[in-house]
Amino acid sequence: MALIKTKGFVLRAVPVGESDRIISLLTEAHGLISVSVRGARRARSPHVLTTQVFSLGDFELFANKNRYRLQSSELIEPFSALQQDLERLVCASHLAEVMLDILRDDLPQPGLYRLWAYSMQAISHAPDPLLAVHAAQLRLLMEVGFAPRLDSCLGCGKPVDTGNWRYSISAGSIFCDKPACGMRSTDLLPLPSGGLACLGHIRQAPLGRLFDFSLSSEIRRFIIAFSASYLTYHLDKVYTRLDMLRHLKPADPS
Ligand SMILES: [Zn+2]
């Protein structure tokens with residue numbers, strides 16, 4: 001048995017028995033690990049806040065093969081903005097669900113750890129958390145191998161220009177406006193040029209600048225719709241948490 005020290009984000013906290021908790025902890029060096037926490041839900045436990053979902057903390061863990069038990073913990077950032085704003089909380093919960101579906105246990109994925117860290121800041125503080133969560137999930141999908149081809153037509157190889165372009169999520173590419181191009185794709189849709197520029201930014205921007213963009217309401221609507229279809233297509237699963245936001249406020253203020 002070894003004692004390890006690590007910083008980590010709590011992505012999920014599941015109550016166990018009368019007062020225990022099992023947390024899914026995203027760490028930089030060890031990837032996603034499952035940690036059992038005795039008495040975490042007791043009011044006087046020192047781990048009540050540190051093992052709450054979305055907390056960032058410093059953790060000391062006993063590791064035995066791939067099983068971890070919490071020894072001590074210290075809170076770094078509770079992300080309390082999420083607990084005070086239902087829209088932000090729903091966005092963070094959705095991204096955690098996607099992240100948990102994508103991450104593989106015990107495999108270090110430092111790029112995804114950093115993406116989660118920046119995404120949590122953006123979802124907590126950005127003026128438009130719904131747009132932030134869609135930018136985050138698109139970047140996440142691109143990081144794990146689902147990057148769309150954005151620089152040229154898949155049909156004829158024509159480099160991207162200011163003309164009319166279309167995209168197909170199932171083909172994972174853009175297509176020029178020649179009738180023959182994209183003929184075999186059944187889900188071809190128009191791609192506004194602002195949408196293409198935004199997708200390029202989401203794919204390439206350094207993480208510190210990923211969320212630094214603003215969009216017209218038309219392009220915002222496009223990015224959100226593209227991101228939702230992209231997620232469902234690639235992960236082959238229907239995610240419903242964000243649907244709650246439709247009842248909270250309209251998806252588009254315009
Ligand atoms: Zn073409």
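**Entry 1. Overall**

I looked up burial first: 35% of the 254 residues in the protein chain are buried. I call a residue buried if 20 or more other C-beta atoms lie within 10 Å of its own, exposed if 12 or fewer, and partly exposed in between, with C-beta atoms placed from the backbone. This is a predicted model, and I take local features only at pLDDT of at least 70 and side-chain atom pairs only at pLDDT 80 or more, while totals for chains, interfaces and linings use all residues. I number residues from 1 along each chain as its sequence is written.

The protein chain holds seven helices and eight strands. For these I use DSSP runs, numbered from the N terminus: helices are H or I with at least four residues, strands are E with at least two. The C-alpha trace spans about 65 × 40 × 30 Å along its principal axes.

I then looked at contacts, where two residues count if their C-beta atoms, placed from the backbone, lie within 7 Å. Of the contacts between residues at least 6 apart in sequence, 57% join residues at least 24 apart.

**Entry 2. Domains**

I find the protein chain divided into domain 1 (2-78) and domain 2 (81-147 + 191-248). The bounds come from an automatic or database domain assignment. Taken over C-alpha atoms, the centres of domain 1 and domain 2 are 25 Å apart. Domain 1 puts 14 residues into the contact and domain 2 puts in 15 residues. On the domain 1 side, E1, E2 and E3 each supply at least two residues. By class, I read that side as seven nonpolar, five polar and two charged residues. Here Ala, Val, Leu, Ile, Met, Phe, Trp, Tyr, Cys and Pro count as nonpolar, Asp, Glu, Lys and Arg as charged, and the others, Gly among them, as polar.

I traced the pairing from strand E1 (residues 2-16), which runs antiparallel to E2 over eight bridges. Two strands pair if DSSP finds at least two bridges between them. Arg12 stands opposite Ser24 in E2. The hairpin of E1 and E2 has three residues between the strands, and Gly17 in this hairpin takes a positive phi near 60°.

Strand E2 (residues 20-27) has six of its eight residues buried. E2 also pairs with strand E3 (residues 31-37), in the antiparallel sense and over seven bridges. In E3, Val37 is the bridge partner of Arg21. E2 and E3 form a hairpin too, with three residues between them.

**Entry 3. Sheet E7-E6-E8**

I looked up the open sheet of three strands, which has the order E7-E6-E8 and antiparallel pairing. Strand E7 (173-175) and strand E8 (189-191) stand at the edges with a single partner strand each, so one side of each has no neighbour in the sheet. On average, neighbouring strands of this sheet are turned by 45° against each other, direction ignored. Strand E6 (residues 165-168) pairs with E8 over three bridges. In E8, I find Pro190 as the bridge partner of Arg166.

**Entry 4. H2 against H4**

Which angle do H2 and H4 make when they pack? I get about 10° for H2 and helix H4 (residues 129-143), with their axes 9 Å apart. Axes are lines fitted to C-alpha atoms, for helices over the stretch in contact, and angles run from 0 to 180 degrees between N-to-C directions. H2 and H4 are therefore roughly parallel to each other. Angles under 35 degrees count as roughly parallel, over 145 as roughly antiparallel, 65 to 115 as roughly perpendicular and the rest as oblique. Among the residues in this contact are Cys91, Leu95 and Val98 of H2 and Val133, Ala136 and Leu140 of H4. The contact residues divide into 10 nonpolar, two polar and two charged.

**Entry 5. Leu82**

Leu82 lies in helix H1 (residues 80-84). Is Leu82 buried or exposed? I count Leu82 as buried because it has 21 C-beta neighbours inside 10 Å. Leaving aside neighbours within four places in sequence, Leu82 is in contact with Phe54, Arg88, Leu89, Ala92 and Ser124. Leu82 and Ser93 are 11 residues apart in sequence and 9.6 Å apart in space, C-alpha to C-alpha.

Most residues other than glycine have a negative phi. Asp106 has a positive phi near 60°. Asp106 sits in the loop between helix H2 (86-102) and helix H3 (110-125), and is partly exposed with 14 C-beta neighbours inside 10 Å. Asp236 has a positive phi of about 50°. Asp236 is in the loop between helix H6 (217-235) and helix H7 (244-248), and is exposed, with 7 other C-beta atoms within 10 Å.
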